[in-house]
Structure formats: C-alpha cells, structure tokens
Amino acid sequence: MGQEFAQRDEWREAGSLDWHLLDASAHAGVRSLIGDLNRLYRDRPALHGRDCEGEGFQWLIADDAANSVFAWLRKSGDAPPIAVVTNFTPVPRDGYRLPLPRAGQWREIMNTDAAQYGGTGRGNMGGINAGSQASHGEPASALVSIPPLATLFFEWTGA
C-alpha cells in the first residue's frame, strides 16, 4: 500500500496513496525495481518452481557476519539455477568469493543497485565466470563485486 514506490508515510485508510511521489526519480526507481523483480520471479522457474520444497533452496553463504553477506541458490527441475547474493552494509564488497555449484558463465540478471533504480550502477558488467576453485563446500566459485545495500541475481548459462 504505497511501498511499491517507497511512500514515506504510513498508509491511511481514509486517504489516497501519495502518487505524486512518483515525480521524484528515487520513488520511480523503486517502482521500476518492484515491477522488474515481479517479472523476474514470474519468468524464472528456479525462483518459484519449488517454493514449498526444501530441494528448491540451498544456502551458499549463511555465516559471514563480518561482511554481512548472505548468498543462496534457487533451483527447480531442469531450469538453470539462480544464485542470489545480498550485501546488507553500505560498504561495497569487491573481489568477494562467491561459492557456486557449477563452473562456467553466470549471467547477472538483476542488480538492485542499477542506476535505473536509483542506485550507484556498480556491478559485474553483466556476468561472472566461475572457476573450479572450491569454496564453502561448493566445487566452483567466482569473484564478484557486490554493491552496497544491494542484491544480485546470477543465472547459470553454461560452460
């Protein structure tokens, strides 16, 4: 109720939403991000296909309190897996080793820090290449740049 464009005030049953906020680019950016996230979720089976099954989710990093980074994998049947990594700090994490279940190319399909959403535009230039260096119990890994206060989605595209 207004959060899809970052309304400042709490929703009021007796009033309308503050639609005029969309005139500000930051609010329009949040609205655009929410729409793109909804489309991504709908269009990628790995993100929703096994929501109610433990096999659809796997932790990649759940213990990095020092950097406040979490990473997990979403998967569903034959759909390409999607790795999601979030930086919960205002500090960019460049050269961060992300464990992955497969070597090869992983395309960056969403970056919540993209300039079009009002972010800094930092990222991984569209993708990363995972090598065979094991990390956190996974057989492959890649060095990634995680923007501040951002979430990145990487979809495996193959070797």
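## Terms and basis

Two strands count as paired if DSSP finds at least two bridges between them. Strands themselves are DSSP runs of E, at least two residues long, numbered from the N terminus.

This is a predicted model: local features need pLDDT of at least 70, side-chain atom pairs count only at pLDDT 80 or more, and totals for chains, interfaces and linings use all residues. Residues are numbered from 1 along each chain as its sequence is written, and side-chain values use heavy atoms, with hydrogens and water left out.

Strand 2 covers residues 69-74 and runs antiparallel to strand 1. Five bridges join the two. Q58 stands opposite L73 in strand 2.

## Positive phi in two loops

M125 sits in the loop between strand 5 (104-111) and strand 6. M125 is not a glycine, yet its phi is positive, at about 50°. The residue is exposed (over 50% relative accessible area, 1.4 Å probe, protein chains only). Its relative accessible area is 88%.

L149 belongs to the loop between strand 7 (140-146) and strand 8 (150-158). Its phi is also positive, near 50°, in a residue other than glycine. L149 is exposed, with a relative accessible area of 59%.

How values were computed. Helices (H or I, at least four residues) and strands (E, at least two) are DSSP runs, numbered from the N terminus. Buried means under 20% relative accessible area, exposed over 50%, partly exposed in between (1.4 Å probe, protein chains only).
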